[in-house]
Amino acid sequence: VQLALYEPGVDPFSGTPLATSAAAGTLDAYVEHNALATGTYSVKVSADASTTGLQNYGLVVTTGGTFEKSGTNMTFAAAQDVTGRGAVLGSCERSISTFVASGNGLGFPAGIAFGPDSTGDGVGELFVAGHDSDNVLRYNGATGAFINAFVPAGSGGLDRPPEILFGPDQSGDGVPELFVSSYNTGTVMRYNGATGAPLPSAGNTGAIFASGGGLSGPVGLAFRAGRLYVASEINNMVLRYDAASGVFVDTFVAAGSGGLSGAHDLVFGPDGNLYVSSQFNNRILRFDGTTGAAIGDFVPSGGGGLSSPLGLEFGSDGNLYVSSRGNNSVRSYHGTSGALIDVIVPPGGGSLSNPEGLTFGPDGNLYVTSAIDNRVLRVTLDPAPDFYKVTLTAGQTLTVTSSTPGDGSGQFANNLDP
């Protein structure tokens, strides 16, 4: 749970929470409430900065995720839509569950994507790359039930696939093709999006679509404006290929540019720039989406608890979601400032172990691979955090503490994740 206080008019997603007690006088602040667990969380008001004379006003999260308030001397106004995101009063429900269970030949699931509907239920199927099983398995997108090995083990020369992506239809059947990075062969493979059959580009064999240009340890994939962008992890570059032919075009991000170390996943943001996870120094880097020039850190080293970042995905809210392998968590960052918003999956939540790929489903929920135990987890998210306007009268100060569960520190206004 996060309870944080902000000055009036400050965007809680990009601004800095108040670091000291509020000064005398009337203050409007926002309490951000984003529950990960049941329990009681307290807002305390006192006549001075000491710990004496505190009056407790409890914020109670009950089973099922409903929000309640208690206390009569502090005003909790209706939810304030301070960011234009449509905050919903009382919405704090979140659940983490197993969507795809282990088995059916899935070994160390990594890349994940929703693709074409093959069952006629109106929901796109879920495709998961088995890094250690050298295959791509297909599951019912609504239930998680296993359908088949869409790309059988080793098909077309596939060897250690860390990432998958549906791209342009190039076979003329009206179905997007499946592109798969093949780490050990230093190639990007292409398969028919309807049948899973290998579709090599001209002059290639097996399923090879793109190679060359120094590609070594390909991982993240992205299509944009007639180009295929590929993260080359071993030599810390991003390379570009023609999206139709697979022919090498150029080096878009030079080796080590901006401090890139262990280039893993990449994604274009709402601002048109390219974001790359730099796993070996715990950063998310931003590059100019037109030139490839380094802009700088989007999330600095270890920012918001980031540790060995792998998968990246922008949500419909415009914020960046990151799988943090080093502490088995998923974190979200403000899409403009890069400031931590929330720990979407706390360390080990849902028994998450070695999170790799992540994607949003047609239902708006977040899906993340748990590689060590060969599962895919589904995270049901809130539509938006809640903000409550708190009015303090002259002479009062305000602190935020947590209890049941909590750390009992009584620190003012900061991140109190149980």
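## A loop residue with positive phi

Ala225 sits in the loop between strand 15 (218-224) and strand 16 (227-232). Strands here are DSSP runs of E, at least two residues long, and helices are runs of H or I, at least four residues long, both numbered from the N terminus. Most residues other than glycine have a negative phi. Ala225 has a positive one, near 50 degrees. Ala225 is exposed because its relative accessible area is 78%. The cut-offs are under 20% for buried and over 50% for exposed, with partly exposed in between (1.4 Å probe, protein chains only).

Ser308 also has a positive phi, about 55 degrees, and is not a glycine. Its loop runs between strand 22 (294-299) and strand 23 (309-314). Ser308 counts as buried, because its relative accessibility is 13%.

## Model and conventions

This is a predicted model, in which local features need pLDDT of at least 70, side-chain atom pairs count only at pLDDT 80 or more, and totals for chains, interfaces and linings use all residues. Residues are numbered from 1 along each chain as its sequence is written, and side-chain values use heavy atoms, with hydrogens and water left out.

## Chain overview

The protein chain has zero helices and 31 strands. It holds 418 residues, and 52% of them count as buried. Its accessible surface is about 15,100 Å², with 50% belonging to carbon and sulfur atoms. Areas come from the Shrake-Rupley method with a 1.4 Å probe; for residues, only the protein chains shown count as cover.

A contact means heavy atoms within 4.5 Å. Take the contacts in the protein chain with a separation of 6 or more: residues 24 or more positions apart account for 51% of these.

## Two open sheets

Strands of a sheet pair through backbone hydrogen bonds, either parallel or antiparallel. Pairing here requires that DSSP finds at least two bridges between two strands. Axes are lines fitted to C-alpha atoms, for helices over the stretch in contact, and angles run from 0 to 180 degrees between N-to-C directions. Strand 6 and strand 29 (residues 375-380) run antiparallel and share five bridges. Thr98 has Leu377 in strand 29 as its bridge partner.

Another open sheet has four strands in the order 7-8-9-10, again with antiparallel pairing. Its edge strands are strand 7 (109-114) and strand 10. The twist averages 25 degrees from one strand to the next. Four bridges join strand 9 (residues 135-139) to strand 10 in the antiparallel sense. Arg138 has Asn148 in strand 10 as its bridge partner.

## Nonpolar cores

A nonpolar core is a set of buried Ala, Val, Leu, Ile, Met, Phe, Trp, Tyr and Cys residues joined through side-chain atoms within 4.5 Å. The largest one has 15 residues. Val136, Val151, Ile164, Leu178, Val180, Met189 and Tyr191 have the most contacts inside it. Strand 8 (126-130), strand 10 (146-151), strand 11 (163-166), strand 12 (178-182) and strand 13 (187-191) each give two or more residues to this core.

Val180 touches residues including Val136, Ile164, Met189, Tyr191 and Leu221, leaving aside neighbours up to four places away in sequence. A second, separate core has 14 residues, among them Ala222, Phe252, Ala263 and Leu285.

## Two buried strand residues

Ser329 belongs to strand 25 (residues 329-333). Ser329 counts as buried because its relative accessibility is 0%. Its side chain makes polar contacts with the side chains of Asn327 at 2.7 Å and Arg331 at 2.9 Å. A polar contact is a pair of N or O atoms within 3.5 Å; within protein, one must be able to donate a hydrogen and the other to accept it, and residues adjacent in sequence count only if both atoms are side-chain atoms. Beyond four places in sequence, Ser329 touches residues including Val322, Val345, Leu352 and Pro355.

Thr369 lies in strand 28 (residues 366-370). Thr369 is buried because its relative accessible area is 0%. Its side chain reaches the backbone oxygen of Ala110 at 3.1 Å. Contacts of Thr369 beyond four places in sequence include Ile112, Val128, Leu352, Pro355 and Val376.

## A buried loop glycine

Gly167 lies in the loop between strand 11 and strand 12. Gly167 counts as buried because its relative accessibility is 13%. Gly167 touches Pro176, Glu177, Phe179 and Phe223, not counting residues up to four places away in sequence. The C-alpha atoms of Gly167 and Arg224 are separated by 9.9 Å, with the two residues 57 apart along the chain.
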